[in-house]
Amino acid sequence: MKAWDHIPEDFDGEVALCIGKFDGFHLGHRLLIEEAAKTGNPVAVMTFVFNKTKTIDDREEKKKLAAALGVDYYFEIEPDSGFFSMTPERFVSDYVAGRLHSKYVVVGDDFRFGRDRIGDIQTLSELAKEYDYSLIVVPKIQYKDEDISSSRIRKCIENGQLSDTEAMLGRTFRLSGEVTDGNHIGRQIGVPTANIFPAEGKVCPPKGVYEVGVLVDNDVKEYAGIADFGVKPTVGENYPEGLEVHLIDYNGNLYGRNIAVLFKSFIREEKKFADMNELHRQIDEDLRRVKNGIDKQ
(Lines give C-alpha, C1' and ligand atoms only; values in the text may rest on other atoms or scores of the structure.)
Protein backbone atom coordinates (compact mmCIF):
# COMPACT_ATOMS: atom_id res chain seq x y z
CA MET A 1 0.00 0.00 0.00
CA LYS A 2 1.21 3.49 -0.89
CA ALA A 3 0.43 6.20 1.65
CA TRP A 4 0.47 10.00 1.66
CA ASP A 5 -0.22 12.59 4.37
CA HIS A 6 -1.81 14.85 1.73
CA ILE A 7 -3.52 14.62 -1.65
CA PRO A 8 -0.75 14.64 -4.28
CA GLU A 9 -1.16 16.75 -7.39
CA ASP A 10 0.60 14.24 -9.63
CA PHE A 11 -1.33 11.09 -8.70
CA ASP A 12 -1.81 8.79 -11.67
CA GLY A 13 -4.57 6.24 -11.29
CA GLU A 14 -8.29 5.75 -11.69
CA VAL A 15 -9.51 4.58 -8.32
CA ALA A 16 -12.53 3.44 -6.37
CA LEU A 17 -12.36 6.06 -3.62
CA CYS A 18 -13.71 5.43 -0.11
CA ILE A 19 -14.12 8.63 1.92
CA GLY A 20 -14.58 8.92 5.69
CA LYS A 21 -12.92 9.15 9.09
CA PHE A 22 -12.50 5.37 9.27
CA ASP A 23 -11.76 5.42 13.00
CA GLY A 24 -11.32 1.78 13.94
CA PHE A 25 -11.93 0.34 10.47
CA HIS A 26 -14.97 -1.38 11.98
CA LEU A 27 -17.32 -3.76 10.15
CA GLY A 28 -19.17 -0.92 8.47
CA HIS A 29 -15.95 0.57 7.14
CA ARG A 30 -14.84 -2.83 5.88
CA LEU A 31 -18.04 -3.11 3.89
CA LEU A 32 -17.14 0.11 2.04
CA ILE A 33 -13.74 -1.32 1.13
CA GLU A 34 -15.30 -4.59 -0.01
CA GLU A 35 -17.72 -2.72 -2.27
CA ALA A 36 -14.86 -0.65 -3.70
CA ALA A 37 -12.85 -3.81 -4.41
CA LYS A 38 -15.77 -5.29 -6.38
CA THR A 39 -15.38 -2.54 -9.00
CA GLY A 40 -12.06 -3.96 -10.13
CA ASN A 41 -10.36 -0.58 -9.76
CA PRO A 42 -7.54 0.09 -7.28
CA VAL A 43 -9.02 0.83 -3.86
CA ALA A 44 -8.16 4.21 -2.34
CA VAL A 45 -9.06 5.56 1.09
CA MET A 46 -9.29 9.27 1.87
CA THR A 47 -9.34 9.75 5.63
CA PHE A 48 -8.95 12.61 8.06
CA VAL A 49 -7.03 13.46 11.23
CA PHE A 50 -8.76 15.47 13.95
CA ASN A 51 -6.23 15.93 16.74
CA LYS A 52 -8.76 17.07 19.36
CA THR A 53 -10.83 13.89 19.03
CA LYS A 54 -10.09 10.60 20.80
CA THR A 55 -9.60 7.71 18.42
CA ILE A 56 -9.86 3.93 18.50
CA ASP A 57 -6.55 3.55 16.65
CA ASP A 58 -3.57 5.85 16.45
CA ARG A 59 -2.34 6.95 13.03
CA GLU A 60 0.15 4.13 12.55
CA GLU A 61 -2.32 1.47 13.68
CA LYS A 62 -4.91 2.88 11.31
CA LYS A 63 -2.51 2.78 8.39
CA LYS A 64 -1.55 -0.84 9.11
CA LEU A 65 -5.22 -1.83 9.27
CA ALA A 66 -5.88 -0.23 5.89
CA ALA A 67 -3.01 -2.17 4.34
CA ALA A 68 -4.22 -5.43 5.89
CA LEU A 69 -7.69 -4.85 4.42
CA GLY A 70 -6.27 -4.62 0.91
CA VAL A 71 -6.28 -0.85 0.37
CA ASP A 72 -3.96 0.16 -2.47
CA TYR A 73 -3.70 3.92 -1.86
CA TYR A 74 -4.09 5.72 1.46
CA PHE A 75 -4.54 9.49 1.69
CA GLU A 76 -4.54 11.02 5.17
CA ILE A 77 -5.59 14.66 5.45
CA GLU A 78 -5.20 16.93 8.46
CA PRO A 79 -7.86 19.53 7.60
CA ASP A 80 -7.15 23.24 7.99
CA SER A 81 -9.45 26.27 7.80
CA GLY A 82 -9.16 26.33 4.01
CA PHE A 83 -10.31 22.74 3.78
CA PHE A 84 -13.28 23.37 6.06
CA SER A 85 -14.37 26.38 4.00
CA MET A 86 -14.37 24.45 0.72
CA THR A 87 -17.70 24.07 -1.06
CA PRO A 88 -18.90 20.54 -1.81
CA GLU A 89 -18.43 21.01 -5.55
CA ARG A 90 -14.90 22.29 -5.15
CA PHE A 91 -14.05 19.30 -2.95
CA VAL A 92 -15.26 17.01 -5.72
CA SER A 93 -13.67 18.96 -8.58
CA ASP A 94 -10.30 19.53 -6.90
CA TYR A 95 -9.81 16.30 -4.95
CA VAL A 96 -12.21 13.51 -5.84
CA ALA A 97 -12.15 14.00 -9.61
CA GLY A 98 -9.28 16.40 -10.19
CA ARG A 99 -6.33 14.95 -8.31
CA LEU A 100 -7.45 11.38 -7.67
CA HIS A 101 -9.29 10.69 -10.95
CA SER A 102 -11.92 8.68 -9.09
CA LYS A 103 -14.09 6.42 -11.25
CA TYR A 104 -16.11 5.29 -8.26
CA VAL A 105 -16.91 7.09 -5.00
CA VAL A 106 -17.90 4.83 -2.11
CA VAL A 107 -19.42 6.36 1.04
CA GLY A 108 -21.75 5.55 3.92
CA ASP A 109 -25.37 6.65 3.72
CA ASP A 110 -24.85 9.38 6.34
CA PHE A 111 -21.81 10.93 4.65
CA ARG A 112 -21.59 14.75 4.84
CA PHE A 113 -18.89 17.00 3.40
CA GLY A 114 -17.97 20.53 2.40
CA ARG A 115 -18.39 23.84 4.20
CA ASP A 116 -20.73 23.50 7.21
CA ARG A 117 -21.28 19.88 6.13
CA ILE A 118 -23.85 20.99 3.57
CA GLY A 119 -22.90 18.31 1.05
CA ASP A 120 -24.56 14.88 1.30
CA ILE A 121 -25.40 11.80 -0.76
CA GLN A 122 -27.76 13.78 -2.95
CA THR A 123 -24.99 16.29 -3.68
CA LEU A 124 -22.56 13.54 -4.67
CA SER A 125 -25.21 11.99 -6.88
CA GLU A 126 -25.92 15.29 -8.63
CA LEU A 127 -22.21 15.88 -9.30
CA ALA A 128 -21.48 12.34 -10.50
CA LYS A 129 -22.39 12.85 -14.17
CA GLU A 130 -20.47 16.12 -14.50
CA TYR A 131 -17.32 14.69 -12.93
CA ASP A 132 -17.57 11.23 -14.49
CA TYR A 133 -17.75 8.91 -11.50
CA SER A 134 -20.23 6.32 -10.27
CA LEU A 135 -21.55 6.69 -6.74
CA ILE A 136 -21.86 3.68 -4.44
CA VAL A 137 -23.75 4.30 -1.19
CA VAL A 138 -23.34 1.67 1.53
CA PRO A 139 -26.00 1.50 4.27
CA LYS A 140 -25.00 1.20 7.91
CA ILE A 141 -24.95 -2.27 9.42
CA GLN A 142 -26.33 -3.06 12.85
CA TYR A 143 -25.27 -4.90 15.95
CA LYS A 144 -27.84 -5.61 18.65
CA ASP A 145 -30.42 -3.55 16.74
CA GLU A 146 -28.30 -0.39 16.70
CA ASP A 147 -26.08 1.11 14.02
CA ILE A 148 -22.39 0.28 14.28
CA SER A 149 -20.43 3.52 14.57
CA SER A 150 -17.02 4.63 15.76
CA SER A 151 -18.56 6.75 18.53
CA ARG A 152 -20.52 3.76 19.83
CA ILE A 153 -17.36 1.61 19.82
CA ARG A 154 -15.36 4.30 21.65
CA LYS A 155 -17.98 4.32 24.41
CA CYS A 156 -17.83 0.53 24.65
CA ILE A 157 -14.04 0.65 25.04
CA GLU A 158 -14.24 3.31 27.74
CA ASN A 159 -16.89 1.25 29.56
CA GLY A 160 -14.87 -1.96 29.32
CA GLN A 161 -17.37 -3.74 27.05
CA LEU A 162 -14.72 -5.79 25.29
CA SER A 163 -16.96 -8.43 23.71
CA ASP A 164 -19.21 -5.78 22.14
CA THR A 165 -16.15 -3.86 20.99
CA GLU A 166 -14.69 -6.95 19.31
CA ALA A 167 -18.01 -7.81 17.67
CA MET A 168 -18.31 -4.37 16.05
CA LEU A 169 -14.63 -3.97 15.13
CA GLY A 170 -14.35 -7.48 13.75
CA ARG A 171 -11.12 -7.82 15.71
CA THR A 172 -9.76 -7.51 19.24
CA PHE A 173 -9.14 -4.00 20.53
CA ARG A 174 -5.45 -3.25 21.04
CA LEU A 175 -2.99 -0.76 22.47
CA SER A 176 0.39 -0.53 20.73
CA GLY A 177 3.69 1.12 21.43
CA GLU A 178 7.43 0.87 21.88
CA VAL A 179 8.57 -0.90 25.05
CA THR A 180 10.26 1.56 27.40
CA ASP A 181 12.56 1.01 30.35
CA GLY A 182 10.63 0.64 33.61
CA ASN A 183 11.49 0.32 37.28
CA HIS A 184 12.29 -3.44 36.98
CA ILE A 185 10.10 -4.30 39.99
CA GLY A 186 8.32 -7.02 38.01
CA ARG A 187 11.60 -8.71 37.23
CA GLN A 188 12.63 -8.48 40.90
CA ILE A 189 9.57 -10.47 41.96
CA GLY A 190 9.89 -13.01 39.15
CA VAL A 191 7.30 -11.53 36.79
CA PRO A 192 9.17 -9.47 34.17
CA THR A 193 7.00 -6.90 32.42
CA ALA A 194 7.09 -4.67 29.36
CA ASN A 195 5.90 -1.07 29.68
CA ILE A 196 4.22 0.92 26.93
CA PHE A 197 2.30 4.18 26.89
CA PRO A 198 -0.70 4.68 24.59
CA ALA A 199 -0.42 7.30 21.87
CA GLU A 200 -1.87 10.67 22.79
CA GLY A 201 -5.57 10.83 21.99
CA LYS A 202 -6.06 7.07 21.98
CA VAL A 203 -9.26 5.90 23.65
CA CYS A 204 -8.47 3.47 26.49
CA PRO A 205 -10.36 0.89 28.55
CA PRO A 206 -10.98 1.31 32.30
CA LYS A 207 -8.04 0.88 34.66
CA GLY A 208 -7.57 -2.72 35.66
CA VAL A 209 -5.93 -6.06 35.00
CA TYR A 210 -6.71 -7.89 31.76
CA GLU A 211 -6.08 -11.16 30.02
CA VAL A 212 -4.27 -10.19 26.82
CA GLY A 213 -2.56 -11.47 23.72
CA VAL A 214 0.71 -9.84 22.64
CA LEU A 215 2.26 -9.46 19.19
CA VAL A 216 5.95 -8.54 19.06
CA ASP A 217 7.06 -6.37 16.12
CA ASN A 218 5.81 -8.01 12.93
CA ASP A 219 5.86 -11.56 14.29
CA VAL A 220 2.62 -13.46 13.65
CA LYS A 221 2.99 -15.47 16.87
CA GLU A 222 0.65 -14.28 19.62
CA TYR A 223 1.82 -14.66 23.21
CA ALA A 224 -0.66 -15.03 26.04
CA GLY A 225 -0.25 -12.68 28.96
CA ILE A 226 -1.71 -10.41 31.59
CA ALA A 227 -1.59 -6.63 31.59
CA ASP A 228 -2.24 -3.91 34.11
CA PHE A 229 -3.56 -0.68 32.65
CA GLY A 230 -3.31 2.16 35.12
CA VAL A 231 -0.95 4.08 37.37
CA LYS A 232 0.79 1.37 39.50
CA PRO A 233 -0.66 2.51 42.87
CA THR A 234 1.30 -0.05 44.89
CA VAL A 235 4.65 1.02 43.44
CA GLY A 236 4.38 4.73 44.13
CA GLU A 237 2.61 7.97 43.38
CA ASN A 238 2.47 10.13 40.25
CA TYR A 239 3.07 7.35 37.76
CA PRO A 240 1.70 8.24 34.32
CA GLU A 241 -1.15 6.15 32.98
CA GLY A 242 0.33 3.26 31.06
CA LEU A 243 0.28 -0.44 30.31
CA GLU A 244 2.46 -3.01 32.06
CA VAL A 245 2.43 -6.41 30.37
CA HIS A 246 3.74 -9.85 31.34
CA LEU A 247 4.12 -12.32 28.46
CA ILE A 248 3.67 -15.98 29.36
CA ASP A 249 6.35 -18.28 27.94
CA TYR A 250 8.35 -15.49 26.33
CA ASN A 251 12.12 -15.33 26.67
CA GLY A 252 13.92 -12.32 25.31
CA ASN A 253 14.60 -8.63 25.66
CA LEU A 254 11.68 -6.44 24.59
CA TYR A 255 13.21 -3.02 25.26
CA GLY A 256 12.94 -0.82 22.19
CA ARG A 257 10.68 -3.25 20.37
CA ASN A 258 7.11 -2.52 19.31
CA ILE A 259 4.32 -4.62 20.76
CA ALA A 260 0.59 -4.72 20.23
CA VAL A 261 -1.47 -5.71 23.27
CA LEU A 262 -4.83 -7.32 22.45
CA PHE A 263 -7.44 -7.01 25.21
CA LYS A 264 -9.19 -10.38 25.66
CA SER A 265 -11.08 -10.10 28.95
CA PHE A 266 -11.24 -8.15 32.20
CA ILE A 267 -9.79 -9.88 35.28
CA ARG A 268 -10.05 -7.34 38.10
CA GLU A 269 -9.84 -3.69 39.00
CA GLU A 270 -6.50 -2.04 39.67
CA LYS A 271 -5.90 -1.63 43.41
CA LYS A 272 -3.24 -0.58 45.87
CA PHE A 273 -1.79 -3.48 47.86
CA ALA A 274 -0.28 -3.31 51.34
CA ASP A 275 3.17 -4.35 50.14
CA MET A 276 5.02 -6.01 47.27
CA ASN A 277 4.49 -9.50 48.73
CA GLU A 278 0.72 -9.05 48.59
CA LEU A 279 1.01 -7.72 45.03
CA HIS A 280 3.13 -10.73 44.05
CA ARG A 281 0.55 -13.17 45.45
CA GLN A 282 -2.22 -11.44 43.51
CA ILE A 283 -0.22 -11.53 40.27
CA ASP A 284 0.35 -15.26 40.78
CA GLU A 285 -3.40 -15.69 41.16
CA ASP A 286 -4.07 -13.64 38.03
CA LEU A 287 -1.61 -15.75 36.07
CA ARG A 288 -3.13 -18.97 37.41
CA ARG A 289 -6.56 -17.90 36.15
CA VAL A 290 -5.23 -17.07 32.70
CA LYS A 291 -3.17 -20.26 32.39
CA ASN A 292 -6.12 -22.40 33.53
CA GLY A 293 -8.22 -20.80 30.81
CA ILE A 294 -5.55 -21.54 28.21
CA ASP A 295 -5.27 -25.17 29.34
CA LYS A 296 -9.04 -25.65 28.90
CA GLN A 297 -9.01 -24.39 25.30
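These legends accompany several close-up views of a predicted model.

**View 1**
Start by getting your bearings. The chain contains nine helices and 14 strands, and its C-alpha trace spans about 70 × 35 × 35 Å along the principal axes. Of the 297 residues in the chain, 47% are buried.

**View 1**

**View 2. Helices α6 and α7 pack against each other.**
Here is a pair of helices to compare with the pair in the next view. Two packed helices are described by the angle between their axes and the distance between the axes. For α6 and α7 the angle is about 150°, and the axes are 8 Å apart. An angle over 145 degrees counts as roughly antiparallel, and that makes α6 roughly antiparallel to α7. The crossing of α6 past α7 is left-handed. Where the helices meet, Arg152, Ile153, Cys156 and Ile157 come from α6, while Asp164, Thr165, Met168 and Leu169 come from α7.

Now turn to helix α4 (residues 88-99) and helix α5 (residues 121-131). From α4, the residues Pro88, Glu89, Val92, Ser93 and Ala97 meet Thr123, Leu124, Leu127, Glu130 and Tyr131 from α5.

**View 3. The largest nonpolar core has 31 residues.**
In soluble globular proteins, nonpolar side chains tend to be buried together. In this core, which residues touch the most other members? They are Leu243, Val245, Leu247, Leu254, Ile259, Val261 and Phe263. At least two residues of the core come from each of α6, α7, β10 (194-196), β11, β12 (222-230), β13 (242-247) and β14. The element that gives the most is β11, with four residues. Zoom in on Leu254: leaving aside neighbours within four places in sequence, Leu254 is in contact with Val179, Ala194, Val216, Leu247 and Ile259. There is also a second, separate core of 29 residues, and its members include Leu17, Tyr95, Ala128 and Tyr131.

**View 4. Ala227 is a buried residue in strand β12.**
Is Ala227 buried or exposed? Its relative accessibility is 2%, so Ala227 counts as buried. Apart from neighbours within four places in sequence, Ala227 is in contact with Gly208, Val209, Tyr210, Val212, Leu243, Glu244, Val245 and Val261. Asp217 is ten residues away from Ala227 in sequence, and their C-alpha atoms are 18 Å apart in space.

**View 5. Leu65 is a buried residue in helix α2.**
Helix α2 covers residues 59-68 and includes Leu65. With 15% relative accessibility, Leu65 counts as buried. Not counting residues up to four places away in sequence, Leu65 touches Gly24, Phe25, Asp57 and Arg171. How far apart are Leu65 and Ile259 in sequence and in space? They are 194 residues apart in sequence and 15 Å apart in space, C-alpha to C-alpha.

**View 6. Phe22 and Lys144 each have a positive phi.**
Most residues other than glycine have a negative phi. Phe22 is not a glycine, yet it has a positive phi of about 55°. Phe22 lies in the loop between β2 (16-19) and α1, and at 1% relative accessibility Phe22 counts as buried. Lys144, also not a glycine, has a positive phi of about 55° too. Lys144 belongs to the loop between β7 and β8 (146-147), and Lys144 is exposed, with a relative accessible area of 56%.

How values were computed
Residues are numbered from 1 along each chain as its sequence is written. This is a predicted model: local features need pLDDT of at least 70, side-chain atom pairs count only at pLDDT 80 or more; totals for chains, interfaces and linings use all residues. Side-chain values use heavy atoms; hydrogens and water are left out. A nonpolar core is a set of buried Ala, Val, Leu, Ile, Met, Phe, Trp, Tyr and Cys residues joined through side-chain atoms within 4.5 Å. Buried means under 20% relative accessible area, exposed over 50%, partly exposed in between (1.4 Å probe, protein chains only). Contact means heavy atoms within 4.5 Å. Axes are lines fitted to C-alpha atoms, for helices over the stretch in contact, and angles run from 0 to 180 degrees between N-to-C directions. Angles under 35 degrees count as roughly parallel, over 145 as roughly antiparallel, 65 to 115 as roughly perpendicular and the rest as oblique. A crossing is left-handed if the near helix is turned anticlockwise from the far one by less than a right angle, and right-handed if clockwise.
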